[in-house]
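Subject: Structure for your attention, with notes on a cavity and helix packing

Dear colleague,

I am handing over the structure below, followed by notes on what was found in it. Please read the notes with the structure open beside them.

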Amino acid sequence: MSLALIQESAKEVRRLSIAGSNLAVGDFRLKKLVPPLEQAGAKVPVFAQVAKAINDLVNGKEAQSAANLLSLSTLINAILYTQGQTGAEGDHSELPSHSAKSCDTKTSARVLKPLIQALTSTGSGRFEIVKSALERGAFSDLRLIDPSIRALDDVYPELADLVMEKILPAYGPGIAPLLKSKLDLKGKKSDARRLQVLHQLDPAGTVELCKTALEEGSPEVKASAIGCLGKHEDCLPLVLEQTNAKNKVLRAAALEALAEHDRPEVTKIFTDLIKGKALDILAGPFRALRNRQVLKSLIDEGQRVFEAVLKGDEDQRARFWDILACFNERKDPEVEDFLLACMKEGDKILKLKSPKKSVIGGDDLVDRLTTLLYELGSPRVLEAILARREVLPATVFTRVIYSALRTWPAAKVYEEFSPLLAEKKGAGKAKNEMLQHVIRVGRGGFVAYEEYYAIDETDPESKWFDKVSWDPRWLDAAIKADLPVIVCCFAEPNHKGAITYLVNQSQDKKSDEAGLIINALARCKYPKVTETFLNAVTARTKKAKFVDYDLQFLLKRARFLPPGELSQLDAFAANLDEKFVEKFLEAIQPLRPTLSDQSDKSDSPAP
């Protein structure tokens, strides 16, 4: 039988169920369905029952409309369920399936949602979310495979590269069909990443695909294919051919791929390039270069060019700069000896005349030499930097301080650099600002550890700052120099002068460091820190129209306040402007006892 009339009746019943049963009495749309239903009821009795139920509803009383509508709805739904289709027309075929190393789908929606948003949207802060989730092992969930593949197209290259290198390969070869389905050899960087992931998943099985990409792909895809083919000894002839490519990107990719191979033909290529004019293309490949003969050739060339620079040849400055770039990230003893030998001539470099043909001055070269030496990090080079600290340009003074912190005793560091806190003019002022920055980095004078390490150029992996000891006299020097932030960095509970100074500073309504001051007072166990915090919040919300960065940072300091004063904070929130209440309550939430804390108290024996 045809179900069109029943389906139309169900549609009208649903409409009236939403609008209200009292509107069903006299409804003209339902009335129009009664004649065709009665006609169909002559052959199929159930249609006549539906027609009768509609008549009872539209011609009945409003008081009975709810019961009549429910009866009609029940009848129609019963018919639809018994007469509904349970299948679909068409041929049967197996659904594609893909195996993966992970089969976990237990990640909660609370964790999954922000992670998917970070992988598929745009905006700041997403890289840290993904990186943190990777470290926690959250990517074992199968539901993150597709968003991770989509992240290869991300506009933020660091995020896309992280997904390519660390996340997708962990799922195993089973995701290869998903990657191949969206691979476009004529595409851009995202397709180059897809090809690279495919090669990581199945190196031998993707050789032919990489060869095809090398012949037909776009420059980005070709460069990726060259890097993949460079992993296979039998494909090196193809990579060697690309060292003569017209496209500079392809030449650089070929050189980087060949740098890992110690072969005569590779040695000849690099040796010839060192003698050539363009050295900037070698900076990347030299980070992975293993051949000692090539390294010696570059050092010999560096010595020759350096001697020419000392003689006043301005044309050689750019070439020497490119040679120094090739030594970046190399820890070889020969490189260290060469850089130290150049550093010994630092006085002569700084006395070079201002360039007319080149943009690279003598101070630029010394700056670069100092940075490379510091990155080597050996005691020998750190001592060499400190030995020349008086003649080095101010631009590298931060490196001088770092070298001292890693080499000298705390007392010597204080005696050498603390007078700079009083400098207010000229080069001394610049060094003062650099010194304050180093102190803030080392003593937590920024919002978060990750943030100030992202700003600074030190190695975030070593975190050697955690091992640095500071002379206690820094605190008195900071108070004398009237530097509130530095006082916050060094403040201790037993130093009454520091607490008094910070309390006075907290009363300055124009101060931008209220958050750091509250943080320091809480660390010093100042008894009125909550009152000081609330006064600071009152001052900053008085004329504010929204929660700005400084106010947000101040509110976040609430988690360091004594939990016993939560009632005072709640009372303050009750009178706070509604624009700031939500953020304020979020800030004091960590002070509230958790369920586990309450259960621990209930389980403890009575006195």
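The largest cavity holds about 60 Å³ of space, where a cavity is a set of points, on a 1 Å grid over the protein atoms alone, at which a 1.4 Å probe fits but cannot get out, and where the volume is the space filled by probe spheres set on the points, grid points being joined across faces, edges and corners. By this rule the count is one cavity of 30 Å³ or more. This is a predicted model, in which local features need pLDDT of at least 70 and side-chain atom pairs count only at pLDDT 80 or more, while totals for chains, interfaces and linings use all residues. Residues are numbered from 1 along each chain as its sequence is written, and side-chain values use heavy atoms, with hydrogens and water left out.

The lining of the largest cavity (residues with an atom within 4 Å of a point) consists of Arg443, Gly444, Gly445, Val485, Cys488, Cys489, Leu516, Asn519, Ala520 and Arg523. Helices here are DSSP runs of H or I of at least four residues, numbered from the N terminus; α27 (484-490) and α29 (514-523) each supply at least two lining residues, and α29 gives the most, with four. By class, the lining has five nonpolar, three polar and two charged residues, with Ala, Val, Leu, Ile, Met, Phe, Trp, Tyr, Cys and Pro counted as nonpolar, Asp, Glu, Lys and Arg as charged, and the others, Gly among them, as polar.

α29 also packs against helix α30 (residues 529-541), at an angle of about 170° and with the axes 10 Å apart; axes are lines fitted to C-alpha atoms, for helices over the stretch in contact, and angles run from 0 to 180 degrees between N-to-C directions. The two helices are therefore roughly antiparallel, a term for angles over 145 degrees, with those under 35 counted as roughly parallel, 65 to 115 as roughly perpendicular and the rest as oblique. The contact (heavy atoms within 4.5 Å) joins Ala514, Ile518, Leu521 and Ala522 of α29 to Val529, Thr532, Phe533, Ala536 and Arg540 of α30.

Helix α12 (residues 219-229) and helix α14 (residues 248-258) pack at about 15°, with their axes 8 Å apart, which makes α12 roughly parallel to α14. Pro219, Lys222, Ala223, Ile226 and Gly227 of α12 meet Val249, Leu250, Ala253, Ala254 and Ala257 of α14, and this contact divides into eight nonpolar residues, one polar and one charged.

Finally, the axes of helix α21 (residues 379-387) and helix α22 (residues 397-407) come within 9 Å and cross at roughly 125°, so α21 and α22 are oblique to each other.

With best regards

Notes
On a 1 Å grid over the protein atoms alone, a cavity is a set of points where a 1.4 Å probe fits but cannot get out, and a pocket is an open set with protein on both sides within 12 Å along at least five of seven lines; lining residues have an atom within 4 Å of a point.
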